[in-house]
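Reader: I am new to reading salt bridges in a model. Can you walk me through some?

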Amino acid sequence: PELVTYETNGQDAISLDYDKLGAVTIEAIKEQQKEIEQLKEALRAQEEKSQEKLRKQQKEIELLKVGR
């Protein structure tokens, strides 16, 4: 919105400030990258939890097999 100039009716766009577009785009990309990194870390943590749970279950299965 800050890059767009509107008609007096406030609805119709008449121009775009291309000089400022680059800076706004770069900031948006930085924000997206930060979110991507946070999501990757959350996924890694979830995968670690899942692997640990799987290891525990495998140990329990082995103990049950030995107990037969």
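Reader: How many residues apart are Glu41 and Arg44 in helix α1, and what separation does that give in helical turns?

Author: Keep in mind that this model is predicted. Glu41 and Arg44 are 3 residues apart in helix α1, so about one helical turn separates them. Their side chains meet in a salt bridge, at 3.2 Å from N to O.

Reader: What cut-off makes such a pair a salt bridge?

Author: A side-chain nitrogen of Lys or Arg must lie within 4 Å of a carboxyl oxygen of Asp or Glu. By this rule, the count here is 6 salt bridges.

Reader: Which residue does Glu37 pair with?

Author: Glu37 forms a salt bridge with Lys40, at 3.9 Å from N to O. Both sit in helix α1, which covers residues 18–66. They are 3 residues apart, about one turn of the helix. Glu37 is partly exposed at 37% relative accessibility. Lys40 is partly exposed at 40%.

Reader: What is the N to O distance between Glu62 and Lys65?

Author: That distance is 3.8 Å, and their side chains meet in a salt bridge. Glu62 and Lys65 are 3 residues apart in helix α1, so they are separated by about one helical turn. Glu62 has a relative accessible area of 44%, so Glu62 counts as partly exposed.

Note on methods
Residues are numbered from 1 along each chain as its sequence is written. This is a predicted model: local features need pLDDT of at least 70, side-chain atom pairs count only at pLDDT 80 or more; totals for chains, interfaces and linings use all residues. Side-chain values use heavy atoms; hydrogens and water are left out. Helices (H or I, at least four residues) and strands (E, at least two) are DSSP runs, numbered from the N terminus. Buried means under 20% relative accessible area, exposed over 50%, partly exposed in between (1.4 Å probe, protein chains only).
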